[in-house]
Protein chains: 2
Amino acid sequence: MMFRTIGQKHFMDTAAQKNPAKLPVVGVTLGDVNGIGPEVVARAAAEADARCRVLVIGDGFVVRRALDLLKLEREVRSVDKVADARFEPGVVNVLETKTLQPSDLQPGKTTAAAGRATVLAFDAGAALAKSDEIDALVFGPVHSDSIKASGLRKRVVTPEFEQAHLFLVSGTLRIAHLTDHMPLRKVIDEAVKEERIHALVKLVDAQLRRWGVARPRIGVAGLNPHCMYEEDTNEIKPAVERAAREGVDVTGPVSPDSVFRQCIEGRYDVVIALYHDQGHIAIKTWGFSGNSALYLGAPALLATVAHGSAFDIAWSGKADSAMMSQAIRTVGSLAAGTGFPSS
Amino acid sequence: MMFRTIGQKHFMDTAAQKNPAKLPVVGVTLGDVNGIGPEVVARAAAEADARCRVLVIGDGFVVRRALDLLKLEREVRSVDKVADARFEPGVVNVLETKTLQPSDLQPGKTTAAAGRATVLAFDAGAALAKSDEIDALVFGPVHSDSIKASGLRKRVVTPEFEQAHLFLVSGTLRIAHLTDHMPLRKVIDEAVKEERIHALVKLVDAQLRRWGVARPRIGVAGLNPHCMYEEDTNEIKPAVERAAREGVDVTGPVSPDSVFRQCIEGRYDVVIALYHDQGHIAIKTWGFSGNSALYLGAPALLATVAHGSAFDIAWSGKADSAMMSQAIRTVGSLAAGTGFPSS
């Protein structure tokens with residue numbers, strides 16, 4: 001994992017700072033078209049609130065079918081570039097990727113065609129986000145078998161995002177991860193180091209300020225039970241003290257078994273988790289139904305939802321679009337520099 | 001930590017196996033009398049259901065005052081030995097420890113007298129539980145400063161319980177811990193070993209059967225993200241496979257970020273957590289309000305509640321006795337060999 005620090009190119013500015021008058025445009029890909037992605041995206045786009053503009057990225061005919069399935073009477077406006085989109089009530093704008101034929105729609109099946117469409121839409125959206133043509137990208141739920149079948153690559157997310165710090169948001173529980181899929185022993189040996197923790201505290205502080213959190217309150221989890229041991233004292237504590245001296249509102253190390261509950265109850269704006277399961281056990285066991293994942297220190301504001309493509313109920317109209325709507329609201333609000341949405 | 005295995009003396013039998021006709025007697029200490037312990041114990045004892053018999057262990061005049069504070073019209077029957085207790089409606093039996101004077105009641109203050117009373121009541125209750133004069137002990141919330149001031153020892157729980165496996169219960173989430181306050185590095189180096197994990201799986205299986213869970217379904221958490229690394233494959237997997245071959249209904253290693261949520265939703269009766277925070281983050285972040293802690297592999301059935309002595313609201317009548325009631329119900333049901341209570 002690379003540890004990006006503030007001052008590097010990947011520090012994100014927000015749309016609001018560039019042009020406060022402009023409403024952010026959030027690109028949204030459909031994910032695997034044979035899963036529930038098209039349904040949840042179509043509904044979320046159709047019912048998006050006025051605080052951000054949704055631009056679907058994919059095949060317009062798929063969006064049309066999903067809207068019909070859901071009995072949502074909206075016009076689908078197909079465009080070839082972002083500038084052609086017109087954000088009006090009753091209209092769903094789709095940036096056409098022209099990747100699929102109607103015969104490629106095979107609900108519940110993993111296919112190379114769907115995988116290829118998934119990857120190409122992601123790449124198109126990520127490129128637009130990196131070049132500031134859109135302000136953020138939310139990508140719909142993918143299926144890794146389809147992606148592998150496409151032969152393009154193994155995972156939809158590219159290394160520049162995978163190397164960023166995973167940032168999970170679930171209601172008032174927000175968690176920035178120091179490490180991701182790293183063995184626990186290696187986390188202790190290599191990652192729980194004063195420099196790395198200090199850099200992440202500073203990155204979180206700076207990024208949340210840009211996103212509109214006036215004075216981010218950061219809690220840093222300890223490594224050991226009740227922060228009683230060596231690494232808590234020799235690595236985490238000095239990192240926190242140094243950042244605090246530099247003006248960051250940061251507390252820690254906090255007992256790992258308390259810090260997440262304290263965040264849920266409003267004591268912090270964000271918790272820094274030292275390893276994958278420290279953060280993931282907290283957020284997945286809590287079970288609040290609105291998780292989305294962002295990438296902190298990545299070259300663009302990107303989010304995805306916690307649920308999968310749910311092939312078993314695809315194209316039945318049963319899928320719940322709440323998480324997708326919440327992810328769009330979240331990145332829209334952050335891109336506008338107005339902080340995390342309260343609802 | 002000692003790893004007790006089945007076949008050793010600390011394997012617990014239940015009251016039901018010794019005498020199915022007898023209702024279990026649950027001893028309950030008051031904890032620190034200047035905290036909320038007397039209130040929550042008095043209410044829980046006064047309102048206990050008919051499935052177990054509650055015997056308070058402490059000073060009867062303290063219980064009398066707490067019942068008066070709560071406007072609960074009950075007779076306090078002071079006894080000097082368990083056999084003298086008569087379990088009738090409207091009566092709260094108190095096994096007198098004769099440790100305090102009325103002037104020792106100083107709500108919100110830590111005192112040596114209260115600490116001494118806390119320790120002596122615990123020791124009396126633990127001795128009765130070990131000698132089968134009572135079937136289980138629940139101890140009220142203590143204050144470590146009072147205990148230290150007493151000069152008797154530092155903590156109320158004695159080593160024979162501290163060396164057992166902590167077993168947390170919170171609704172449908174039940175967690176047996178392989179280790180407790182051990183540094184995370186040492187957990188990986190010394191505790192996550194096939195032999196130790198296998199022994200705990202067998203102990204959990206045998207103990208839960210005795211407690212009345214017909215065929216315990218056990219989930220074992222992995223160590224690393226998504227169980228992708230060395231220890232998951234070389235230590236945890238063979239331990240689980242060996243226990244499964246021996247007839248235990250055990251699954252694992254299961255991704256640590258999924259196994260606790262799966263338990264909440266009913267897939268397992270209990271999860272084995274490898275380290276303190278793996279289990280504690282899950283149970284404390286979930287936030288279900290009914291936690292109690294048991295000691296697996298200890299010489300008696302003992303439980304305590306997750307909340308503290310809350311000196312700030314002591315003797316105001318505001319304290320919530322739900323956790324104390326739940327702890328009493330839980331050990332009563334286990335001692336009767338009827339499994340975990342459903343409510």
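Visitor: Why is helix 10 of chain A called mostly covered?
Guide: Buried means under 20% relative accessible area, with exposed over 50% and partly exposed in between (1.4 Å probe, protein chains only). In helix 10 (residues 256-264) of chain A, 9 of its 9 residues are buried. Among them are P256(A), F260(A) and I264(A). The model is predicted: local features need pLDDT of at least 70, side-chain atom pairs count only at pLDDT 80 or more, and totals for chains, interfaces and linings use all residues. Residues are numbered from 1 along each chain as its sequence is written, chains are lettered from A and ligands numbered from 1 in the order written, and side-chain values use heavy atoms, without hydrogens and water.

Visitor: What do the buried residues of helix 10 of chain A pack against?
Guide: Their partners in chain A are strand 7 (173-177), strand 8 (217-221), strand 9 (249-254), strand 10 (270-273) and helix 11 (276-286). Helix 11 of chain B joins them. Helices (H or I, at least four residues) and strands (E, at least two) are DSSP runs, numbered from the N terminus.

Visitor: How do you know that chain B and chain A are in contact?
Guide: Contact means heavy atoms within 4.5 Å. By that rule, 33 residues of chain B are in contact with 32 residues of chain A. The two chains bury about 2900 Å² between them, 56% of it on carbon and sulfur atoms. Buried area is the accessible area (1.4 Å probe) that two parts lose on being put together, summed over both. D257(B), I281(B) and T285(B) supply 22% of the area that chain B buries against chain A, more than any other three residues.

Visitor: What makes E231(A) and R185(B) a salt bridge?
Guide: The rule asks for a side-chain nitrogen of Lys or Arg within 4 Å of a carboxyl oxygen of Asp or Glu. Here the closest N and O atoms are 3.5 Å apart, so the pair qualifies. The count between chain B and chain A is 6 salt bridges. Helix 11 of chain B gives the largest share of the side that touches chain A, 9 residues.

Visitor: Why is the relation between the chains a two-fold axis?
Guide: Copies are superposed by least squares on the C-alpha atoms of residues with pLDDT of at least 70 in both. Chain B can be laid on chain A with an RMSD of 0.1 Å, by a turn of 180° and a shift of 0.1 Å along the axis. That is the relation of a two-fold axis. The same surface serves both copies: 97% of the contact residues of chain B recur in chain A.
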